[in-house]
Amino acid sequence: MDDVMVRERYELSKERLGVIMLEETVKEPYRDYFRKTAEFLLMLDEVQELVRNRDWESADILMLAEENRKLYEDILPEQYETSYGNPAYAQKMLGETFGSFLSALYSEMRSGIVYAYEGQMEYLSILNELFIEIYNCFEEEPEYQAVRDIFYWYANDYCEVFAADRIMDQIDPDRTFAVDIICRSDLSDLKYLYRYGEYISDNEIETAKYIADLPEETIQKMADVYTEGFRKGFVLGNKDLSKKTTVNIRFKLGFERVVKQAVANFEAMGLRPTIYRAGASVLTRRGVSRNGYFGRIPNQQYDYDHKDDQALFMDKHYVERRLEVMKTVYEQNKELAAGFAGPAVMEVFGEIPFAPQKKEEALTLTKKQEEMLLSFDGKAGQITNTYIPGDERSFTIISWPVPEIGEKFEEIFGEVIRINTLDSDLYSKVQQTMIDALDEGESVHILGSGKNRTDLTVQLYRLQDPQKETIFENCVADVNIPVGEVFTSPVLRGTSGVLHVSRVYLNGLQYRDLEIRFQDGMISGYGCGNFEDEKACRDCVKENILFNHETLPLGEFAIGTNTTAYVAGRRFGIEDKYPILIAEKTGPHFAVGDTCYSYSEDTKVYNPDGKEIVARDNEVSILRKENPEQAYMHCHTDITIPYDELGAITVIRKDGSEIPLLKDGRFVLPGTEILNEPLDCR
């Protein structure tokens, strides 16, 4: 849209907001809501002007911190009980008919914070106009369907703008908002953190301070293991990196010095970075997960309360419109899409685990909407795979602790650097010994100990040529850092039993007494101990582990071998804060959802011993040959049993004889005893 037209639209909407602040045409209880929200939108106008004209070098960091807190204070935990962002409070003050709707509208208005920092005047105009149109309805006696229709058409009309920009942010390296901050700022001056518009807490400040003081060789080491893992993913996956031109970097604010070095490393490989923000609008975010860069999450309960705000517009028409936009944008930018190599993700851990409160006042998806969303995921995955083929892209993930982990943060950080850079060659040899034993089996029996109720039999792929083929991948430090696991795609038929873990942290949420039951490789039941109400427990698991699927297959069975990480977790008392990336290496783990080879099952991959890893499919993923929409779940969640809850892992041969791998939490297979050394040094 022409800049002059955008400016004109924006100024008109801003003028109207000023009038709303003075009018009394809307009756109570709604008048206070609309005035406060209008006041917030006008504050964003002030922020936009400040950001545009600010001399960042001379700005006062205390003033920047105060501005940042002012933008986010209304939804911070200490204010949240009386915030319109809280659906429970909104419904209490505004009534059952409109409370939840107006809370969702307020949440959408808050997405304007990041648009103000990016100078996205068109986006701010769109938000202002949505708010004004709904305000106009409330000047008389509104009908719920009428105001909901306004939000519905906002989503349908503007998904072309929001969804298209979201795709371009992923594949177009000329979109450099974050790259410019990272590569052109003085990273020793922590004022740069406030240039993003994300919420900045002590965690991000202390992280950036710590990273700024690390020796250059340490920064280089951290960046090298990250970028080299990405490169190795292409080599071991038998994929051609030379055809690629871009890599997507995802990280948590505070690690910019490492990211800056990673950018240089990737550019040496011929890859330019795309660094996009985690979705802010209901049109670009999904549930509570955040893909992209982000600062501190101001309030995880607020995120949880608004995870299903798509309920206001999710229907067949919207899904078809969104898919049409996706296809058009990819088709118009097919060369950029073809050059996309995949994501390089830098996760963090150590923040206080979050256990959500389920609120009846929050919007929820209907069963039909859940089905539509799952259908959308399947079709969107197919479109993406057409333009960015899965067998031509890769990824890498690494994780670092943040100061909130505790007083021993610096010592823990040093230990994690050691864990992330362990000797891959040593692990490769030990893991190959384990794989040789696993290749003899038809199934594996996993048994818990003590209060752990796990009793699960996993069926294995049947080898046709054991001299040239293998069932398990020998996973060293490439796409999943750190080193330390062997994994396979199980045969579903005959894979049955109970998986139980006393405490685990998954997708940002903590679960207690998580139990999942399998029948022929498919989830047949589940629950947890998070809530007193059993239904609330099942709903929590379904929403956040099954992602609203009725069932999921067991997509991966693995045995973690990184006892060094396990012992470090116990020594520092941080095992419950480990991200799954590290936790999955500290015991056997089981992933529900897609296999590790989704969208690249037909690409041959080999272990270091030269054998082809042939267990890349299961009975669900093979459906891709006839019905791709049914083959992929678009989720993959690893659940780990720690060694101290493990009774035994035993390989069962065809004749019924057994090969013990682990017993009472220790490795007992000859040739793997070296893995017990960290356990013995506790």
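Helix axes here are lines fitted to C-alpha atoms over the stretch in contact, and angles run from 0 to 180 degrees between N-to-C directions. This is a predicted model, where local features need pLDDT of at least 70, side-chain atom pairs count only at pLDDT 80 or more, and totals for chains, interfaces and linings use all residues. Residues are numbered from 1 along each chain as its sequence is written, and side-chain values use heavy atoms, with hydrogens and water left out.

**View A. Helix H1 packs against helix H2.** H1 (residues 3-20) and H2 (residues 30-53) have axes 9 Å apart, at an angle of about 135°. H1 passes H2 in a left-handed crossing, with the near helix turned anticlockwise from the far one by less than a right angle.

**View B. Side chains where H1 meets H2.** Contact means heavy atoms within 4.5 Å. On H1, look for residues including Tyr 10, Lys 14 and Leu 17; on H2, Phe 34, Leu 41 and Asp 45 are among them.

**View C. Strand E13 and its partner strands, E9 and E14.** Strands are DSSP runs of at least two residues, and two of them pair if DSSP finds at least two bridges between them. E13 (residues 554-560) pairs with E9 (residues 485-488) in the antiparallel sense over 4 bridges, with Phe 557 as the bridge partner of Thr 488. E13 also runs antiparallel to E14 (residues 588-593), joined by 5 bridges; here Ile 559 stands opposite Pro 588. As for cover, 7 of the 7 residues in E13 are buried (under 20% relative accessible area, 1.4 Å probe, protein chains only).

Conventions:
Buried < 20%, exposed > 50% of the residue type's maximum accessible area, 1.4 Å probe, protein only.
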